[in-house]
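Hi there,

Here is the model I promised to pass on.

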Amino acid sequence: MPLLEPRPTPSARMRLLSPLIAIGLTLAVGSLLFLSLGKNPVEAFTVFFIQPLSSGNGWSELMVKAGPLILIAQGLAIGFRARIYNIGAEGQLIVGALAGGGVAIAFDGVDAWWVLPLMVVAGAIGGALWGAVPALLKTRFNAEETLTTLMLTYIASFTLSYMVNGPWRDPEGMNFPQSIMFGDPALFSPWFEGMRVNASILIATVASIAFWIFTSRSFLAYQLTVGGLAPAAARYAGFSAQRTVWVSLVLSGLTAGIAGVGEVAGPVGQLNLNISPGYGFAAIIVAYLGRLNAVGIVLAGLLMALLYLGGEAAQVALQLPAAITGLFQGMLLFFLLGADVFVDYRLKPRPKPAYA
Amino acid sequence: MLEHLIPVLAGTLGAATPLIFAGLGELVAERTGVINLGVEGMMLIGAIAGFAAAADSGGGALAGLPAGAVAGMLAALVFAVLSLSMAANQAACGLALTIFGVGLSAFIGQHYVSFSLPGLQPLDIPGLVDIPVLGRILFHQDPVTYLGLITFAIVWWVLRKTRLGLVLKAVGEAPDAAHAIGYPVIAIRYGATLFGGAMAGVAGAYLSTVYTPLWVQNMVAGRGWIAIALVVFATWNPTRLLLGAWLFGGVTILQFHAQGLGIALPVQLLAALPYLATVVVLVLISRDKRLLQLNLPASLGKPWMP
């Protein structure tokens with residue numbers, strides 16, 4: 001006996017409530033987890049969500065982490081609306097970082113204003129090209145983008161490892177797999193003394209506004225969405241399925257590439273093996289949690305950034321492994337998908353007993 | 001040359017074992033119409049559960065493999081409830097399972113970082129191991145590798161020769177028709193999905209307790225995704241899956257023997273080879289749309305409710 005029945009029309013209210021329900025359930029299960037680890041949940045959540053925001057530096061760090069998450073998720077959301085599942089943003093981020101980092105290394109010692117903008121452009125192109133590869137494989141050879149984007153992520157990460165172990169290794173870096181530290185012309189300069197927040201958060205902000213206008217105003221975005229919701233209708237209307245694939249993958253590769261430059265020209269300051277704590281994967285959750293909507297993504301990105309900060313704080317204050325952030329991310333997505341079921345379905349009322 | 005080639009070919013069989021287990025599990029699930037992109041996550045959960053059981057009980061791989069199977073099955077159960085009972089998007093649920101598995105295994109694994117286990121000794125098949133050349137390649141393997149081949153034979157036989165196999169395939173091809181003649185579609189899909197989870201769990205536990213018996217975060221390293229790609233490559237046919245797994249086992253093992261074979265490429269680029277090969281193989285098989293359409297289970301990935 002199925003417990004669910006389809007709603008006559010999808011529930012708009014449920015679509016907005018579902019992320020809140022998912023967050024609530026994650027916190028509830030999180031409390032149980034903290035209890036089972038012998039920690040006081042109230043204290044643990046204070047460490048996780050309040051403490052990181054109780055200092056100026058905390059807010060600065062929130063922006064540092066929210067920037068790349070929001071930027072990548074905005075790009076991914078375009079594809080997800082069209083049901084093009086780019087799950088390799090992490091790889092596009094790495095290639096963007098490599099391209100931007102390559103510029104920084106090539107022009108090391110050149111004190112010119114154009115070095116940083118050139119890095120951003122190179123990163124955007126690098127990421128877009130890495131996104132274009134699965135687009136080509138999908139449109140030309142029908143290869144599933146879920147698998148190819150992910151495989152390309154592994155290839156990107158081994159390429160990064162090769163570059164920082166080989167050609168681009170810092171000769172004075174005591175054999176650590178890392179490049180030289182970039183000079184000031186190749187870095188976003190911090191806005192405040194002793195804090196890391198910098199102009200790259202502006203890129204995420206501008207991108208969010210641009211994506212909001214793009215999705216709500218442009219005919220192309222409308223075509224993409226129709227292609228995702230009703231492929232047959234889109235074909236009938238003459239919207240090109242091929243273009244959908246190209247736009248989705250190149251655009252999301254481009255934003256991820258820029259995010260990669262933001263990391264190496266920002267908090268990291270060089271190329272090494274730890275340029276991203278999984279932003280490319282976390283951005284998938286941000287995109288869904290934000291309802292694939294430009295404004296929602298900003299809110300979801302801030303929450304996800306807080307989750308990263310909370311994980312770091314919990315490691316110091318509660319001696320919990322920082323990997324707890326990944327655990328919370330996974331739970332959040334599970335609960336979100338579960339709650340989203342009730343956008344299209346509702347609980348079936350119990351059949352009334354029939355009287356003879 | 002031959003003395004270099006024997007360890008390469010022998011190592012290929014071991015490297016293929018996790019792909020055989022995980023690939024067969026996914027293949028069975030997909031034949032019933034369920035695409036579970038959470039293989040990587042289930043393998044990681046199986047790997048850490050197996051490792052923890054092996055380390056804490058002192059029972060080694062013998063305790064690790066069943067623990068991995070149970071853990072993988074539990075992970076698949078979460079996926080099944082969401083995607084089968086609640087008809088949520090299968091691709092998204094599988095992705096969630098992978099992200100969750102990465103987080104959970106890293107979280108639990110924190111305890112076990114740099115722990116190591118004794119592993120398993122190779123088991124010589126009496127008589128056969130003395131065959132020149134072939135004996136050292138085929139019959140000097142760890143017991144789980146033989147178990148993988150036995151599992152392959154069973155899955156092949158069930159899908160090809162039994163009524164159960166017919167029912168599994170019917171559910172994947174035409175769930176409405178299967179339902180109409182009285183088969184419990186959802187229950188059968190649950191069974192296949194849980195089988196897939198158990199197989200992925202064994203694959204993960206094999207990696208962490210036998211293949212490289214020490215805990216390293218994210219040690220499955222994309223093998224779950226390669227297994228999914230192998231199922232496509234195999235056009236949902238177990239025999240082709242076995243051949244594909246050996247092919248990929250060979251590519252994986254190559255990096256450790258490259259020097260001996262006279263291949264002068266940086267290690268990082270050699271390590272990227274299996275992933276590159278996956279892309280190439282996917283392209284080769286997918287470009288023939290008709291071949292895919294012909295073999296693709298018709299209801300693959302589509303939620304179904306009675």
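B:Q293 counts as exposed because it has 9 C-beta neighbours inside 10 Å; the cut-offs are 20 or more other C-beta atoms within 10 Å of a residue's own for buried, 12 or fewer for exposed, and partly exposed in between, with C-beta atoms placed from the backbone. B:Q293 is found in helix α14 (residues 289–295) of chain B. Its C-alpha lies 30 Å from that of B:A221, and 72 residues separate B:Q293 and B:A221 in sequence. Helices here are DSSP runs of H or I with at least four residues, strands are runs of E with at least two, and both are numbered from the N terminus.

Before going further, some housekeeping. This is a predicted model, in which local features need pLDDT of at least 70 and side-chain atom pairs count only at pLDDT 80 or more, while totals for chains, interfaces and linings use all residues. Residues are numbered from 1 along each chain as its sequence is written, and chains are lettered from A and ligands numbered from 1 in the order in which they are written.

Back to chain B. B:S286 sits in helix α13 of chain B, and it counts as buried because it has 20 C-beta neighbours inside 10 Å. What does B:S286 touch, leaving aside its neighbours within four places in sequence? The partners are A:F141, A:N142, A:A143 and B:L292, where contact means that the C-beta atoms of two residues, placed from the backbone, lie within 7 Å. B:T239 is 47 residues from B:S286 along the chain, and their C-alpha atoms are separated by 18 Å.

How does the interface look as a whole? On the chain B side 39 residues are in contact with 38 residues of chain A. The elements of chain B that each supply at least two residues to the side touching chain A are α3 (61–85), α4 (90–109), α10 (223–233), α12 (267–271) and α13 (273–286). With 12 residues, α4(B) gives the most to that side. Sorted by class, the side of chain B that touches chain A holds 31 nonpolar, six polar and two charged residues; Ala, Val, Leu, Ile, Met, Phe, Trp, Tyr, Cys and Pro count as nonpolar, Asp, Glu, Lys and Arg as charged, and the others, Gly among them, as polar.

Among the buried residues of α10(B) are B:R223, B:W225 and B:F233. Just after α10(B), B:T235 takes a positive phi of about 45°.

Chain B as a whole has 14 helices and two strands. Its radius of gyration is 19 Å, close to the 19 Å that the globule rule gives for 306 residues, so chain B is as compact as a globular protein of that length; the radius is taken over C-alpha atoms, and the rule is 2.2 Å times the number of residues to the power 0.38. The C-alpha atoms of chain B fill a box of roughly 60 × 45 × 40 Å along the principal axes. Buried residues make up 52% of its 306 residues.

Now chain A, with 13 helices and two strands. For its 356 residues a compact globule would have a radius of gyration near 21 Å, and the 22 Å of chain A agrees. The C-alpha trace of chain A spans about 90 × 60 × 35 Å along its principal axes, and 51% of the 356 residues count as buried. The average pLDDT of chain A is 91, with 97% of the residues scoring at least 70; pLDDT is the predictor's confidence in each residue, from 0 to 100. Within chain A, confidence is lowest in helix α9 (residues 231–236), at a mean of 82, and highest in α4(A), at 97.

Finally, the helix packing in chain A. The axes of α4 (residues 89–106) and α5 (residues 115–141) of chain A come within 7 Å and cross at roughly 145°; axes are lines fitted to C-alpha atoms, for helices over the stretch in contact, and angles run from 0 to 180 degrees between N-to-C directions. The contact of α4(A) with α5(A) has 15 nonpolar, nine polar and no charged residues. The axes of α5(A) and helix α10 (residues 241–264) of chain A come within 6 Å and cross at roughly 150°. That contact of α5(A) with α10(A) divides into 16 nonpolar, 10 polar and one charged residue.

Best wishes
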